[in-house]
Amino acid sequence: VKKGRKIADYMDRKIPRTDDVNEINLKVATVMRNIRKRKGLTQVVLSELSGVSVGSVKRFEKTGNISLASFSRLVIALGLEEDLVDLFNDIKVRLQ
């Protein structure tokens, strides 16, 4: 980045507002909660399967906030790792 310029000057997209980030997090958490419920898992069972504390699972489902490592553990416990990898592969294809 050249002196006096901001990273945003180099981007086609705006810097995300906190509200946008929170909205995305909540949407992801809602999808994950719905998948957990469709699989017939309680938060406690998902916690045991993933190694993520029950408190973290509850907080994630309520607020959308979780560490990336814990999110990845939940994804694996729900059997969604291929779906997540496919999502990012699809994004790579669109960017080319």
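Helices here are DSSP runs of H or I with at least four residues, numbered from the N terminus.

**Setting up.** I'm looking at a predicted model, where local features need pLDDT of at least 70 and side-chain atom pairs count only at pLDDT 80 or more, while totals for chains, interfaces and linings use all residues. I count residues from 1 along each chain as its sequence is written, and side-chain values use heavy atoms, with hydrogens and water left out.

**Glutamate 61.** I found glutamate 61 in helix α3. Buried or exposed? Glutamate 61 has 8% relative accessibility, so I put it down as buried (under 20% relative accessible area, with a 1.4 Å probe and protein chains only). I then looked for its contacts (heavy atoms within 4.5 Å). Leaving aside neighbours within four places in sequence, glutamate 61 touches Ala29, Arg33, Arg36 and Gln43. I also checked asparagine 34, 27 residues away along the chain: its C-alpha is 9.7 Å from that of glutamate 61.

**Aromatic rings.** I found one aromatic pair. The ring centres of phenylalanine 60 and phenylalanine 71 are 6.0 Å apart and the planes meet at 75°, so I call the pair edge-to-face (centres within 6.5 Å, planes over 60 degrees apart). Phenylalanine 60 sits in helix α3 (residues 54-63) and phenylalanine 71 in helix α4 (residues 68-77). Both phenylalanine 60 and phenylalanine 71 are buried.

**Serine 50.** I located serine 50 in helix α2 (residues 43-50). Its relative accessibility is 10%, so serine 50 counts as buried too. Leaving aside neighbours within four places in sequence, I see serine 50 in contact with Arg73, Leu74 and Ala77.

Terms used. Phe/Tyr/Trp six-rings, centres within 6.5 Å; stacked < 30°, edge-to-face > 60°. Helix = DSSP H or I, 4+ residues; strand = E, 2+ residues; numbered from the N terminus. Buried < 20%, exposed > 50% of the residue type's maximum accessible area, 1.4 Å probe, protein only.
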